[in-house]
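Trainee: I have just opened this one and would like a walk through it. Could we take it piece by piece?

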Amino acid sequence: MVNSIAMNRVLVTVDVEALPARARRDHVQRLIWGEHPRGRAGIAEICDLVEEFGGVALFFLEVAGSLYDLASYREINSYLTRRGHLVEWHYHPEILGKSFWRQCGATGSTLRQDLFDADDANLILKWGLEQFVKVAGRMPCAYRAGSFRWNRQTLAFLSENDIGFSFNACAETALRDNYATFKPDSPRPFYWENGVIEVPCGEHVVGTEVVHFRFPRPFPKDCGPRELARAIASRSGGPVQILLHSWSLLDRDEHGYFYYRNSDRIKAFRRLLERLTKEFSIPPTPDLFISNLHSLLQDDEQVPLPTVSSVVSSESNVHVK
Ligand SMILES: [Zn+2]
């Protein structure tokens, strides 16, 4: 039976990242704080909106970018924590480049986390974990891999380091970007056999499309935000995850750089939350956020770690070697 505390919740999760290709310069200011000549729409505004509707968000802070700018990332962590939100670990090690990782002792054969072997996974994830601790001053409780690229080595690393939650299972991104991944059966959180709790991003099939709830996104015909949320909730047992990035309230120019055009996206996100909170609520505290996830777990539900033969090819939907 689903604990009533879990019913009808919207869990806002936000990847906070200053990826090099998404701004010409001043990456942290532009992509995380959202500061641009014509206005500001970044993490502070996301906090404002989520708080306006009575809740807290879970921010996944990318830490590879903090290598050359630790003070700025510490300030981001402090700011979000001061406002009462959750801050957990997000990681795009690929932005540091192959030669960096070779110097650290990795093979450098791939920078894709979904293709790491055990040695590269351990070395590169250990570096990222230490960087998170330098930024946040504590161990994380949850991990989301950059671009949802992860594999069984990721899960093994989380278990060995007592990181309880993996927010990684997402089929839509793998299908779009054409790489192999494990496909969750449902949006409901579950235990991997090594004790790590997986929180799938939560997807729904509409016609021929597999969609998860992110902002901004075009909604499929006949499936607006409330319909999508209801469909996901009915299969998750309650919570619906909405995925944002720190730059989700900005527009993108022809070079792929984000910039502030006007307040339209702030208004659109407010309208979305307004609509959803008519029948869903946002957890008001970090504790309730986590207890929402725990309350959905069923003790007898344990999923074996994905092996090579159980990885699904996104291209052909068949098992790959
Ligand atoms: Zn990311």
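Mentor: What follows goes through confidence, the sheet, the helices and then a few backbone details.

Trainee: How far does the confidence go, on average and by share of residues?

Mentor: This is a predicted model, and the protein averages a pLDDT of 89, with 91% of the residues scoring at least 70. Residues 1–5 have a pLDDT below 50, and in the model that stretch has eight contacts beyond near neighbours in sequence. Residues 312–321 also stay under 50, and for them the model has 20 contacts beyond four places in sequence.

Trainee: What should I do with the places where pLDDT is low?

Mentor: Where pLDDT is low, the predicted coordinates should not be read in detail.

Trainee: OK, on to the sheet. What is the order of its strands?

Mentor: It is an open sheet of nine strands, ordered S12-S1-S4-S5-S6-S7-S9-S8-S15, and the pairing in it is mixed. At the edges are strand S12 (240–245) and strand S15 (302–303), each of which pairs on one side only.

Trainee: What holds strands of a sheet together in general?

Mentor: Strands of a sheet pair through backbone hydrogen bonds, and they do so either parallel or antiparallel.

Trainee: Then which way does S12 pair with S1, and over how many bridges?

Mentor: Strand S1 (residues 10–16) and S12 are parallel and pair over six bridges. Within that pair, Asp15 stands opposite His245 in S12.

Trainee: Let's switch to helices. Which residues of H2 are buried?

Mentor: In helix H2 (residues 43–52) the buried ones are Ile43, Glu45, Ile46, Cys47, Leu49 and Val50.

Trainee: What covers them?

Mentor: The cover over the buried residues of H2 includes S1 and S12, strand S3 (39–40), helix H1 (27–32), H3 and helix H9 (264–276). Just after H2 comes Gly54, with a positive phi of about 80 degrees.

Trainee: How do H3 and H5 sit relative to each other, at what angle do they cross?

Mentor: The axes of helix H3 (residues 70–82) and helix H5 (residues 118–136) come within 8 Å and cross at roughly 65 degrees. That angle is why H3 is described as roughly perpendicular to H5. On the H3 side the contact is made by Leu70, Tyr73, Arg74 and Asn77, and on the H5 side by Lys134, Val135 and Ala136. By type, the residues of this contact are four nonpolar, one polar and two charged.

Trainee: Where is Thr107, and what does it come close to in space?

Mentor: Thr107 is in the loop between helix H4 (98–103) and H5. From Thr107 to Asp120 there are 13 residues in sequence, while their C-alpha atoms are 6.8 Å apart. Thr107 counts as partly exposed because it has 13 C-beta neighbours inside 10 Å.

Trainee: What about phi at Ser147 and Phe148?

Mentor: Ser147 has a positive phi near 55 degrees, and Phe148 likewise has a positive phi near 55 degrees. Ser147 lies in the loop between strand S6 (142–145) and helix H6 (152–160), and Phe148 is also in the loop between S6 and H6.

Trainee: Are these two buried or partly exposed?

Mentor: Ser147 counts as partly exposed because it has 17 C-beta neighbours inside 10 Å, whereas Phe148, with 22, counts as buried.

Trainee: Last one: how are S10 and S11 paired?

Mentor: Strand S10 (residues 203–206) and S11 are antiparallel and pair over four bridges, with Val211 in S11 as the bridge partner of His204. The two strands form a hairpin with two residues between them, and Gly207 in the turn has a positive phi of about 60 degrees.

Key: Residues numbered from 1 in each chain as written. Predicted model: local features only at pLDDT ≥ 70, side-chain atom pairs only at ≥ 80, totals over all residues. Axes fitted to C-alpha atoms, helices over the stretch in contact; angles between N-to-C directions. Parallel < 35°, antiparallel > 145°, perpendicular 65-115°, else oblique. Contact = placed C-beta atoms within 7 Å. Nonpolar A, V, L, I, M, F, W, Y, C, P; charged D, E, K, R; others polar. Pairing = 2+ DSSP bridges. pLDDT = per-residue confidence, 0-100. Buried ≥ 20, exposed ≤ 12 C-beta atoms within 10 Å, placed from the backbone.
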